[in-house]
Amino acid sequence: MIKIRIFRKEDLRLGFKIEGHALSKAEIEKSGDAYDLICNSVSVLSQSVLIGMEEVLKLKIKYEINDGFLHIDIRNLKDQDKEKAQVLLLTFEKSIESLIESLKLTFGNNKDSEYIRLLKEEVQ
């Protein structure tokens with residue numbers, strides 16, 4: 001399962017952490033050439049945020065990326081730079097919510113949480 005935690009302080013989004021894969025290794029082996037579209041969608045959406053912050057907005061953000069893992073933290077930025085990043089972070093959050101709704105329509109209301117879970121966490 002993919003776990004996504006959105007870090008926020010009041011109305012500000014301060015980053016996110018993504019861990020895991022939608023399918024287990026056994027499910028991936030069983031599906032053969034079928035592509036894990038849930039993981040792919042989350043990867044594209046999350047890495048677009050990282051690219052947008054670094055290459056478009058030129059922000060020096062803290063992040064860690066690995067297989068099945070991405071953690072972005074903008075708490076170290078100046079307030080004006082945090083504000084610049086909000087469009088990307090809010091778009092990411094809304095896009096993940098839309099992906100989850102699509103999964104509910106496809107697999108049913110209870111099945112989506114087997115693949116992806118979105119949590120919103122208040123931070124200091």
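A salt bridge here is a side-chain nitrogen of Lys or Arg within 4 Å of a carboxyl oxygen of Asp or Glu. The model is predicted, and it holds eleven salt bridges.

Select arginine 5 and glutamate 19. Their closest N and O atoms are 3.0 Å apart, and the two form a salt bridge. Arginine 5 sits in strand β1 (residues 2-9) and glutamate 19 in strand β2 (residues 12-19), so this contact ties together parts that are 14 residues apart in sequence. Arginine 5 is partly exposed, at 23% relative accessibility. Glutamate 19 is partly exposed as well, with a relative accessible area of 31%.

Glutamate 121 belongs to strand β5 (residues 116-122), and the pair links distant parts of the chain, 116 residues apart. The relative accessible area of glutamate 121 is 30%, which makes this residue partly exposed.

Next, select glutamate 122 and arginine 8. The closest N and O atoms of this salt bridge lie 3.4 Å apart. Glutamate 122 is in strand β5 and arginine 8 in strand β1, so the pair ties together parts that are 114 residues apart in sequence. Arginine 8 has 22% relative accessibility and counts as partly exposed.

For the last stop, select Arg13, Glu93, Lys94, Glu97 and Lys120 together. Salt bridges that share partners join these residues into one network.

Key
Residues are numbered from 1 along each chain as its sequence is written. This is a predicted model: local features need pLDDT of at least 70, side-chain atom pairs count only at pLDDT 80 or more; totals for chains, interfaces and linings use all residues. Side-chain values use heavy atoms; hydrogens and water are left out. Helices (H or I, at least four residues) and strands (E, at least two) are DSSP runs, numbered from the N terminus. Buried means under 20% relative accessible area, exposed over 50%, partly exposed in between (1.4 Å probe, protein chains only).
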